[in-house]
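Subject: Model for you to look through

Hello,

Here is the model I promised to pass on. Please open it alongside this email. My notes follow below.

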Amino acid sequence: MAAATETFRRVAPDAKLVINIGSRHYPMLDWYVEAGIDWDIIAYDIYDLDPWNHADFFSEMEERYGKPYMVAECNYPANSGKYVESEQANLLRLFIEQMNNVNSDKLLAVIIYELMDESTIQEGDKWNGEAHFGIVNTVNGKPGEPKEAYRTVQKLLCGGEAEIKRVYEKID
């Protein structure tokens, strides 16, 4: 990792170096600090959107490392069991509400993974959670109707539900 970060800094000195970890696996960051590895931004992938207090966790991480941070991926943990659309909407609502309570200029972004389901990877009745991560349904890989999670996020971010317009233009 030291060689990788040194090379990155040498090749792209103006770029920001982002270290991405899953959920609360921050002990890896402790190892990097002990090894003298430096980076600019911490990115977290948060799929366990259960009721643990994310705002407190990010406050602790900010205090511990002093780095700007972002949520690079967040969504319903669809790989852990049967997908329930209303649960996805509720968990994303709770998470976004907690993120709104983070009072820090070090929080750079919260990114929901992902916009559209990947219906083409679902094979019959065999469960594939990745096929259901989107907040918009798909049919045979083409955009379908927005899910309850889409409308929930839209209300939280935009103050209400916008009119959905489908515009298809030919691309040359």
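One definition before the notes: two strands count as paired if DSSP finds at least two bridges between them. You will need that for the hairpin further down. Please also keep in mind that this is a predicted model.

**Overall layout**

The protein has five helices and six strands. Along the sequence they follow the pattern α-β-α-β-α-β-α-β-β-β-α. The C-alpha trace spans about 50 × 40 × 35 Å along its principal axes. Of the 172 residues, 36% are buried. Among contacts with a separation of 6 or more, 57% are between residues 24 or more positions apart.

**The sheet**

Strands of a sheet pair through backbone hydrogen bonds, either parallel or antiparallel. Here, four strands make an open sheet, in the order β1-β2-β3-β4, and the pairing is parallel. At the edges sit β1 (18-22) and β4 (107-112), each of which pairs on one side only. Neighbouring strands of this sheet are turned against each other by 20° on average, with direction ignored.

Strand β2 (residues 41-46) and strand β3 (residues 69-74) are parallel and share five bridges. Within that pair, Ile42 has Tyr69 of β3 as its bridge partner.

Two helices belong in this part of the picture. Helix α3 packs on the sheet and touches β2 and β3. The direction of α3 makes about 155° with that of β2. Helix α4 lies across β2, β3 and β4. Relative to β4, α4 runs at about 170°.

**How the helices pack**

Two packed helices are described by the angle between their axes and the distance between the axes. I looked at two such pairs, and α4 takes part in each.

Start with α3 and α4. Helix α3 covers residues 54-65 and helix α4 covers residues 85-100. They pack at an angle of about 45°, and their axes are 8 Å apart. That angle makes α3 oblique to α4. The crossing of α3 and α4 is right-handed. On the α3 side, the contact is made by His54, Ala55 and Phe58. On the α4 side, Phe95, Gln98 and Met99 make it. By type, the residues of this contact are four nonpolar, two polar and no charged.

Next, α4 and α5. Helix α5 covers residues 148-158. The axes of α4 and α5 come within 8 Å and cross at roughly 20°. Angles under 35 degrees count as roughly parallel, so α4 is roughly parallel to α5. The crossing of α4 and α5 is right-handed. From α4, the contact uses Glu85, Ser86, Gln88, Ala89, Leu92, Arg93, Ile96 and Glu97. From α5, it uses Glu148, Ala149, Thr152, Val153 and Leu156. The contact of α4 with α5 divides into six nonpolar, three polar and four charged residues.

**Two leucines in α4**

Is Leu92 buried or exposed? Leu92 lies in α4 and has 0% relative accessibility, so it counts as buried. From Leu92 to Thr152 it is 60 residues in sequence and 8.0 Å in space, C-alpha to C-alpha.

Leu91 and Val11 are 80 residues apart in sequence, and their C-alpha atoms are 40 Å apart in space.

**The hairpin and a cis peptide**

Strand β5 (residues 136-139) and strand β6 (residues 142-146) run antiparallel and are joined by three bridges. In this pair, Thr138 stands opposite Pro143 of β6. The hairpin of β5 and β6 has two residues between the strands. In that hairpin, Asn140 takes a positive phi near 55°.

Where is the cis peptide bond? It joins Tyr113 and Glu114, and omega is about 5°. Glu114 lies in the loop between β4 and β5.

Best wishes

Conventions. Residues numbered from 1 in each chain as written. Predicted model: local features only at pLDDT ≥ 70, side-chain atom pairs only at ≥ 80, totals over all residues. Heavy atoms only, no water. Axes fitted to C-alpha atoms, helices over the stretch in contact; angles between N-to-C directions. Parallel < 35°, antiparallel > 145°, perpendicular 65-115°, else oblique. Left-handed = near helix turned anticlockwise from the far one by under 90°. Contact = heavy atoms within 4.5 Å. Nonpolar A, V, L, I, M, F, W, Y, C, P; charged D, E, K, R; others polar. Buried < 20%, exposed > 50% of the residue type's maximum accessible area, 1.4 Å probe, protein only.
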